[in-house]
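Colleague: I would like to learn how to read a model of this kind, starting from the overall fold and ending with single residues. Could you take me through it step by step?

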Amino acid sequence: MIGVIFLSVTGMGCTVDPNITYYNENAQAFCQRTKDTDLSKEYDAFLRLLLPRPRVLDAGCGVGRDAAAFVAKGCDVSAFDPSREMVA
């Protein structure tokens, strides 16, 4: 099955780090700034190293741009980010 599960890990007994606070406060601006970045060459180079229909773990997935690209390329993706606002 191909799909993406976005999960925020904030609030699981962890101290909130200043980086997570930054991304929580700037998630929308970050998304706008990076959503149209063309990383297709990097994605293709990475996928050439893997078996067909690979499983990809996107740890720190942010707004999910890369996870969505890998799903579109036929990968089974699990993605998570500690910033609630990035995965909202």
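This is a predicted model: local features need pLDDT of at least 70, side-chain atom pairs count only at pLDDT 80 or more; totals for chains, interfaces and linings use all residues.

Modeller: Residues are numbered from 1 along each chain as its sequence is written, and side-chain values use heavy atoms, with hydrogens and water left out.

Colleague: Which pattern does the protein chain follow along the sequence?

Modeller: Helices (H or I, at least four residues) and strands (E, at least two) are DSSP runs numbered from the N terminus. Here the protein chain has four helices and three strands, and their order is β-α-α-β-α-β-α.

Colleague: Which residues make up the largest nonpolar core?

Modeller: In soluble globular proteins, nonpolar side chains tend to be buried together. Buried means under 20% relative accessible area, exposed over 50% and partly exposed in between, with a 1.4 Å probe and protein chains only; a nonpolar core is a set of buried Ala, Val, Leu, Ile, Met, Phe, Trp, Tyr and Cys residues joined through side-chain atoms within 4.5 Å. The largest one in this model has 10 residues, namely Y43, L47, V56, C61, A67, A69, F70, C75, V77 and A79. At least two residues come from each of α2 (40-47), α3 (65-72) and β3 (76-81), and α3 gives the most, with three. A79, which lies in strand β3, counts as buried because its relative accessibility is 5%.

Colleague: Is L49 buried or exposed?

Modeller: L49 counts as exposed because its relative accessible area is 70%, and this residue sits in the loop between α2 and β2.

Colleague: What should I make of a charged residue such as D58, and how far away is the nearest side chain of opposite charge?

Modeller: For charge, Lys and Arg count as positive and Asp and Glu as negative, whereas His and the chain ends are not counted; a salt bridge is a side-chain nitrogen of Lys or Arg within 4 Å of a carboxyl oxygen of Asp or Glu. D58, in strand β2 (residues 55-59), is buried yet has no salt bridge, the nearest side chain of opposite charge being R65, 7.9 Å away. Contact means heavy atoms within 4.5 Å, and, leaving aside neighbours within four places in sequence, D58 is in contact with D66, A67, S78, A79 and F80.
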